[in-house]
Structures are given as C-alpha cells and as structure tokens.
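Welcome! Open the structure beside this page and try each exercise before you read its solution.

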Amino acid sequence: MSVIAPNFKLSEFIKSLLDNVFWIILILVLIGLPAVFMILFVIELPVIDGELLTPFLALTWMADPSRILPVVQAFMATDIFRVMAFPGFGFAALLAAATIFVERKMLAKLQLRVGPFYCGKFEGILQLMGDGLKLISKEIIIPAKADKPIFWAAPVLFVATAAAFVAFIPVAPGWVVADVEMGLLGVFAVIGFFPIITILSAWSANSKFPFIGGIRALFQMVSFEIPLILSLLGAVMLTGSLNLSEIAASQSSFPWIVFLPIGAIVFFITMLAELERIPFDLPEAESEIVAGWLTELSGMMYGLVQLGTYLKLYAFAGLFVVIFLGGWNGPMVVPPFPEELLTKGIEMGPIVAGPFPGLPLFDQEMLNGALWFVLKTVAVIFFILLPRGVFPRIRVDMLLNLGWTKLIGLAFVNIFIALGLLYAGVLGPGGLQ
Amino acid sequence: MTFTLPPGLALQKVDERIMTLNVGPQHPGSGHMRIIVQIDGDYIVACDPDPGYVHRGEEKMAEYRNYITNIPHLERPVIHDSCNVLYPYVLGAEELLGIEVPERAKYVRVIASELNRCIYIMYWLAIYGIFLGHSTMFMWPAGDRELLIDLMEKMTGARVTHAHFVPGGVRNDLPPNFEDVCLRQVNYFEKRIKEYAAVFYDNPILISRTQDTGVLSREDAIRYGTTGSVLRASGVDYDLRVKEPYDVYDELDVHTNVMKEGDSYARSRIPWLDMIESCNIIRQALQKMPKSGSVRVKLKPNPKTKGLESVYKRVESGRGSLGCYIVSDAKTEPYRVKLSVPSFRNLIALPNLLRGEKLGNMPSVYWSLNYWPVEADR
Amino acid sequence: MSTETENPPTDAKPEVKTPPPKPAPKKPEAAPVEMPAFEKSISDKIVEKFGDKIEVGFVKEDRVRINVGRENVHEVAEFIRDGLNYDHVESVSGVDYPQDNEIEVVYHIGSYTESSLARQVLVLATRAQRETNPIPGNDATKLPTLRDVFYSVEFHEREVFEMFGVFFEGHPDNRRLLLPEDWADLPPLRKDFAIKGR
Amino acid sequence: MGTATGIIRALNSGIKHIATKRFTLRYPEEKLKFVGDGYQFDPSTGVGIAGLKGRHMLFHDHCTGCQLCSIACEGVAEAIAMVKVPEEQKQNKKSIMPQIDYGKCVFCGLCVDACPFYALYMTNDYELSSFSKEGLIYTPAQLQVKPYVAQDSEIQISDRGATHG
C-alpha cells in the first residue's frame, strides 16, 4: 500500500469530484453570470470594422484568425495596453528580468564563477522564475510590534511608484504612457516619493537595523536628488522643453552627451546612488546593518521590493538614454514591412497563410526607435551593473561629502556650459541644432 | 569627537540618544561572536566584544589525551590554518619527549606551514572583501585558494584538517612529482594575487574607505600586546620567522613586511604582502630541501615525558605569533596545554579602536584585526 | 590508555614527586651546565634586585623562569617592565596543582622594542591559594592584577578568572568572557572538574 | 587624477576578467583526481604514503584483531568499535574486527598509523552520505570492498587562467 494514498475508496474519489463541480458551478453562478450580464447590458462594446463586437463574434475568432487582428489593433490603441504591456509595466518588467539574469551571469563571469547554471537546462535562464516561485511560496513574517498597515503597504507602494516612473519614459516616437508637458518635473516628483516610502517601511518595521538603513536611505536619496535635478537642467536649457519626448526628439543629429559630458557623469553617479547600487548600497550594507531597510521584509514582500528596484533601474537607464543619449534616434536598420503579406500572405508550399490585411501592427519607425532605445538602455544598464564587480561600498560621510560638495558643484559647471553653448550660438537658433 | 568613557569599561550609562546594537552572533558582519555596540548617531561610543560562542574547551580536552591523539583535535580552532596552529604544540612535545626531527621533515613542515598561511589569509581576505561590500574580492580569493588546498590535499590527504604534523616529523612523505606541481601552482597563485591590486588594493574607493580608520599607533600596538599583521602594520618589525627562527627558517631568506600607518588599510595590505613572501619562501624551501631521506622518527606507541617540566614554544601563524605552553608530568598525557592564540591577543585592541569610529567602519576595523572567533574561544 | 587518567591517579602520582616541588629538576645554582650567557644575565639582574624574594625556576635557551610569591609579583613585574624593557604579556596561563593546594598563574612576557630581547620569553610564575570548594571572586583565591603594569593582560586575566576562579584584585573588569553567563559549575580548567565519561 | 586612473584601472581589470576562464569545479559531473590510492602506512619505516584520507579499507586476511586502531581512535573520535564477525568470515583467533562509524570519524588517519599488520588503509572514496545514521556504520564486510571511484579532473593552468579540466 503506498504512503501517498493509504486507502483509496472510489466513493470518496467521486465525492471529491462532485464537490469540485459543485463549487465551480456555485462560483460561476455567483460571479460569472453577473459578469456576463454586465458585459452584455451595461458595457458598450466597441465597433470593429463596422461590426459590433458581441460574444458571438468573439467565438468566430477561433474559426478565422485573421479577424483577430483588428481587435488586437484596437486593443493596442487603448490606454490599458500602454500601461500594462508595451511602453509601460510589462515591457519594463521584461527588461528588468533580463537585467537580473544578465547581472548574475556577468558578475559570475567576472568573478570566475559559473552563476545560475542548472535551472532551465541552458545556463540557468529560468533561475529567476525559480526564485520568484520560491519567494511567492515563502511565509510572510511580520514583526510583532510593526505598524502593520504601513508595513504591508510599503512594498506595494514601492512597486507602484517605480511603475509610475516607468510611465514617463518614451520608448519610441509617440509611444509613451504619459506624454505630459512637464514630464521631467513629473519624474522629479515621482523620484521624491522613494525616500518617503523607504522611511515609512523602515519606521513601521519597528526594528533597529531597518531603522538605521531607512535613515541612511533617506540621507542618500535626499542629498543626491539635488545634483540629480541640477544635472538634468542643462539638457532642459538646450532643448527648451520639459517634455521628455521633445527632449528625445531634439537630439536627432547630436546626443546631448557630446556637449554635456559633465552632466552625464554627474547624472550617472547620482543614478547609482538613487538606485542603492554598489558602491552606494549603504542602505543595504549587509556587514554593518544586516540588510538595511529590507531586513524585516520576507517572502513576496521582499520580492516586490526587488521588482521595484529593478523597474527603477530600467527607468533610470531609460531616463539617461532619453536625456543624454538621444532616446530612440538612430540610423534606420529595421527593414521595411513586406507588402506582399497584405496581398498574398505567406506561401509555405501548398499551404498559404493569410493574406493579413490588418498588419502591420507596428510601423517601421516605431520598431527602429524601440530597437535603438533598447540597445542604448542595455548599454547603460551594463555600466550600472559593472561597478558591483569592482568597487567596495563607500561610507556615509564620504557619500554625503560627494553629494553635497563635489556633485552639486559639477552640476552647476554643467549648467554654465549649457548656458555658454546657448549664448555663444553653437546650439539653439542659428546653431547646430 | 571626544567621549569621556573610561577605557575598557563599556555599556553602563544608556541615555535617550544612544542606541545599543547587538552585532552578532546572528549578524552577517560578526562571525561567531557578538560585539555589543552603542552608537550615538553614526558614531560608536562604546563597544564590548563578547566572545565565547564557540568555546569548546580544547585545553581541557588536551589534558585527557596522549601526545599523539591530541593532534587531530588541537588543530580544530583554526581549521584553515591547521598546520600552523599545531606547530607550536608539536615543537613543544618534541622538546619534552626529546626527539630530533629529520632535516627533510623540517622542510616539509615549512612548506606545509607556508601553504597553510596563504590558505588562511585568502579566506580572511575573502571575508574582508565581503565586509567592505566587494563581492569580487570574496569570490576570487575563495576560488584561488583551491590551488593551494589542492596542493595540501596532495601532500597530506585532507583538504582542510590535515593532522599532518606529529612529534618527530610529518605523517607521510611528499607524493611523487610534488615539487613540479607545487612550483607551477604556487607561481600561478602568485601571479593571481598580484592581480588583486588593481581591483582591490589600489582601488581609490577602497583606499579612501579604509585609510585613517581605526588607527593603532606604534605605542598602543606594543602596549596592547598585539601580534602578527596588526603589529607589523603599526610599524613594529617583529616576525618570529626572523626573530626566533624555528625548524629551518634560519636557512631561508625571509623578508618582513612592515607598514607605518597602523590603519585598517595597512592591516589589510600586510597579509597580502605576506602571501607574496610566502610564495618566495616555498620556492626557496623546494630548492633547498633534501631530495630524499626520512621524514618521521619512529616513536614508541605511547611516548612519555621525562618529568614535571614546562615548555613554551611559539611560531608565526597566519595571524601572528601563536604560542603553546605545555606542562608535563611524566605521563602519556600533558598535564596542561595552553594555547596563546593571536586572535585572543588582538581582541583587546577592538574596543579601543572602535570607540569614536563610525558605524560604517566597524566591519573593516573589526576584520582587519585578523580575528578568528573560533581560535580566540578555543 | 587515556582511560587510566581518572582523577585519583592524577592526584596520586605527582604526590610522589611533591618533595622536589615544581622547579626541582633544574636548580640553576646547583647544576650550572653550560647555561646560556645572555639569559643568565637577565636572571642575574632580577636576582640582584630582589634577592630572596624570588626564585629562578630555570634558565634555558631563550627562556627564563622566575617564581615569585603573590605579595611580590607586582613589583617584580614593574621591574621587568622598567628595568629590563619587557613590554607586553603574551599569555597568562593558570595551572592547577591540587596536591600543592595551589593554583599557579604563569605570565609569559616578551619584548617588541628591545631587539636583543626579541627571541626571549620571560616566564613569571606566581601561585594563589586553592580552595576546595571555590566561590569565584569571594574566596581566598586571589592575586594582585598586573593590568596596570602590562595593559595586555586584561582579557587574559578575565579568562583565568573564569577558568580557574582566580580573582585578580584591582582588575577593572572581572566579568565573564568565554563561558556562558549562567555557568554555575566549578571553574572548568581546575583538575577536579572532570569531563563526562573520562 | 590619481582617483580617476585608479577607477579606470579597476574597471578595466574587471572587464578583462570577463574573458578569463571559469575556475569552478562542477562537482557532481566532474570529480577531482587525487594522488595515489589513498593514505597508506608502512609500519616498518614508520612513514605514511601520501594519498587521500577517505573511507577505510580493511584487509581481512591481515587483521589480527589486536584493537590498536580502536585504541588509537579512542582519544580522537571513538568511531572504531571492535565487533564479532561471523564464523565463516573468521580470519583471526578472537574473530573481532573493526567497525567504523563514519558519523563520528574525523578522517585523521591515526588508526592507519596504528595498524602494525598492513590491514587498514584509506581509499579515495569520500562520498559517504546516507539517509540514516545506521547507514553510516560500516561493518567489516562493507569495509572489505574496494570502492569504485571515477575521478579524473585536474587543475590545468594556461594563459587564460586556471580551470578544472
């Protein structure tokens, strides 16, 4: 007799099946039917190609896949797609996941190790998924005297703020979640939330090491926000706009890093500090204060904070690309869309798939822009990751000294360079751009 | 910053501003010990080291075992440096039992001792690196250590706890072709550790981080009775391999590395220079070693000492001078064995160095003292 | 083999040798067999200064042993520091002698500053009265501390206090060091503290 | 400018090492090769022969049941017990032979040094883990078996770094 099923009885097996069926029916009746009624009678369904989208029409997609393309196109035009999938959260999370994998493999290579190796058969590509599953299945432990609502809310807020930051980054011409006129100011406002969330989480844990870590994070972020803002002002002056899409578009011939290298360096260093990456990972300095403000977080709460951190990393790298490296601008490398797909479709011997009148989903310019943006972002991310291998952590007083004296001074030098370029007529009206 | 706390006395007055932190034993920055730290803002006002979490009474155990069976457990305090921690005991037992060691055995001991010193320092360096947040400096030494561990394993048959030295020589002869393999791997090892300079020792961030922190002046280093790299980093030229050469160190050319600064950086650089020096010593010893000959004197099964007498022998281990005081009373077991370990001697400097330091300097100052908690507790 | 080392034989066997106490085999005055000259000069200096108050245990190569009574140990240590330029204590070991009813405390003193003394270790031994039923800190097992002479003995003397119950009078910090805070047994390195099963 | 050169040198060294060979020994697939056949001892000269101190190997035809290995282990780990062997395996008068508890053994090899009859040696086998404590106790019959080991990886040094080849 096996241990797993000590005494198997057919009657109990049937009973368990019937139980499942009962619950499924009950849930369908209680939730599914009202939902169907809501869809049918309350929500106004969109009109696609002159036909009203009805549940019946949805069923016909299975028979004719080409009918799905207009629906997809309509969906891609909605805001929910932009927020959830392409320039927004999904795209950023995908890049963040790739970043984590690349970071681990690259760091391992630098340290003459192998890194993640066994998970996913090939060089451990599924390691992140395994880690995520582990984090989800972990118990969440909350300190007894913690301020529970804030403690619960802090990781969620952290991810939400990071996602809000991602929303400002334009990926390709016209492809940005929030194309606001004062985009850069919005970015500064969102960055300003991070120290508050950190200190909230640290304070609510009611523990010593998180508290010290939170205070350190507060020091670090507040003191580096000023050079961060100042270092970006040079680009704003040259462009004359706070809209990130306009800043990116204005660099069609020269990226601003050619004229403002000091600003780029200052922004890069402050970026490392804002991201709490080595050499500026004081808030998580494990040999001094265990894990800093993350000490008491466990399970998926910790996972959320990590997700937020890597989203933030992507967003900062994207901001660097948009402001200093010319955003999506680059030579056209994507081939034009093959027209015969629209008329003939794909011929694979006797079978002909298509034609697909709904294609192309993305135009050539957008694909090219996104490609250049991703390439540049990956390059910047590489340089963000590299210091982790070669630098030790610095100390709080050195950090504050660096932030308040050197970087702010350099940021002002950068502003004067920008002003000089404008007044000398090198740039601006009559100049190069 | 001046604080008017009496030296050596810590942790009595606690007021509102002062926060007490228990750094250890369940803390990534302490090892098997606890440092009770009181901080005012970011400054440490008082510090009280609390060792003893891994105390296992080696000295008491040694009184119940005979001179040979003491060997496997007396090396347990520092398993990474197990040849060196056994060395003074073996020298003392030889003097008590009246044994003359063969020449080849002395050279084998010197090679094993120097290899073990490098193995220990690499482990220490790995932890020093990770304490400073430098993960590459954790992985590189931990990996390059394997070269020497491989040599020790070829030589003694065990990777970590060798139990190789016995009164009367060493347990077994070198394996065939050992000299070539040893020379090749030691040369590569030296090339590797010289590559650490660019990433670690000449790294400006590391230098600015560790320079002028935890400064131990020459007078204080002598007064506290510190030893090893801590002492030599404070400008005292004292190395037992030169000053009181045991076995065949008087026939080898040993250079002592001394730095004057006495800060955390100097204390971390001295062991690195020592490793390069150890590679030189190994090469010399391989060259001068007699190519054949016995490596062990045959002893009677249970050797007894002559009478009630005592002996104090010391060697230079990876952490400093390591002494062993043996009292014997004409029996097969020693009457009393006392290990005078360098970690315990250096520990006294910790509260004095940390007072007035910043909290961020605590790991680097603490670990630069070359402190090994298990050895200090014995 | 080692099972023979129960407590009774440990007590019984050295008692046969008790008449020549500890330093018996090496009497420097009686048997001056090629005594090393430099070490002899060190011991001579101490003998010259203190005369009968001290007893030279042995003079071997690089090692000189001085036995002192507990009332003189402090001034002898001061002379060793000021007159002979020894500057630090390497180790403080206690040795329990139940048959003499004494606990010996041995200081191994070395020198970093004086280059001629670099290979020398001066062994300063003193003895405290041993109690059959010790109450650490509150019985007659007491010695004057040497912390004000040699700063480096601080932790070593703390260790000897908890391991042997020798209270060092004048030591500023006679707390527990290695043993757990709730240790209520005998001081563990005394000979009457037996290991389980042996 | 010293700081800037130092930082650039550090970054350069880091990037250079991305192209260096990996040093990791991938343990279950590769196993390190050891010298010789395991630690052995020659009582006539009193000197051992170098080799890995792994699992013991007992030669029944040499063992006289003298208990010297057990006595040597007494002060170290108390891992060796002398047990009665069945009549059909009897090789010596007392018909006792060592049985080794690898849950206690520290692999110091003093028992091998103690054996005066060339009966107890050590082998290259170090993979002794078991699901139960009883599985770690090796009887004389188990100790008689020569273990199968497949260890062939050695440290190889080239210009691009050392690897376990």
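## Exercise 1: A helix in chain B

Task: Work out whether the span of helix H3 (residues 82-97) of chain B agrees or disagrees with its number of residues.

Solution. Keep in mind throughout that this is a predicted model.
Step 1. Helix H3 of chain B has 16 residues, and at 1.5 Å a residue it should span 22 Å. The expected span is 1.5 Å times one less than the number of residues.
Step 2. The end C-alpha atoms of the helix are 22 Å apart, which agrees with that expectation.
Step 3. Now look along the helix for a bend: H3(B) has a kink of about 30 degrees, centred on Pro88(B).
Step 4. Turn to its surroundings. Of the 16 residues in H3(B), 14 are buried, and the helix is mostly covered.
Step 5. Finish just after the helix, where Gly98(B) has a positive phi of about 70 degrees.

## Exercise 2: Strands side by side

Task: Find out which strands pair with strand S2 (residues 34-40) of chain B, and in which sense.

Solution. 
Step 1. Start with strand S1 (residues 18-23) of chain B, which pairs with S2(B) in the antiparallel sense over six bridges. In this pairing Met19(B) stands opposite Ile39(B).
Step 2. Go on to strand S3 (residues 43-50) of chain B: it runs antiparallel to S2(B), and seven bridges join the two. Here Ile35(B) has Pro49(B) as its bridge partner.
Step 3. Ask how enclosed S2(B) is. Five of its seven residues are buried, so the strand is largely enclosed by the rest of the structure. A residue counts as buried if 20 or more other C-beta atoms lie within 10 Å of its own.

## Exercise 3: Where chains touch

Task: Describe the contact between chains A and B, then the one between chains B and C.

Solution. 
Step 1. Chain A brings 24 residues into contact with 28 residues of chain B. On the chain A side, helix H13 (286-289), helix H17 (387-390) and helix H18 (396-424) each supply at least two residues. That side has twelve nonpolar, three polar and nine charged residues.
Step 2. Between chains B and C, the contact takes 36 residues from chain B and 37 from chain C. Elements of chain B that give two or more residues to this side include helix H1 (58-62), strand S6 (308-316) and strand S7 (321-329). S7(B) gives the most, with four residues. By class, this side of chain B divides into 14 nonpolar, ten polar and twelve charged residues.

## Exercise 4: The build of chain D

Task: Compare the radius of gyration of chain D with that of a compact globule of 165 residues.

Solution. 
Step 1. Count the elements: chain D has four helices and nine strands. Along the sequence they follow the pattern α-β-β-β-α-β-β-α-β-β-α-β-β.
Step 2. A compact globule of 165 residues would have a radius of gyration near 15 Å, but chain D has 23 Å.
Step 3. Check burial: 38% of the 165 residues in chain D are buried.

Terms used. Residues are numbered from 1 along each chain as its sequence is written. Chains are lettered from A and ligands numbered from 1 in the order in which they are written. This is a predicted model: local features need pLDDT of at least 70, side-chain atom pairs count only at pLDDT 80 or more; totals for chains, interfaces and linings use all residues. A residue is buried if 20 or more other C-beta atoms lie within 10 Å of its own, exposed if 12 or fewer, and partly exposed in between; C-beta atoms are placed from the backbone. Two strands pair if DSSP finds at least two bridges between them. Two residues are in contact if their C-beta atoms, placed from the backbone, lie within 7 Å. Ala, Val, Leu, Ile, Met, Phe, Trp, Tyr, Cys and Pro count as nonpolar, Asp, Glu, Lys and Arg as charged, and the others, Gly among them, as polar. The bend at a residue is the angle between axes fitted to the seven residues ending there and the seven starting there. The radius of gyration is taken over C-alpha atoms; the globule rule is 2.2 Å times the number of residues to the power 0.38.
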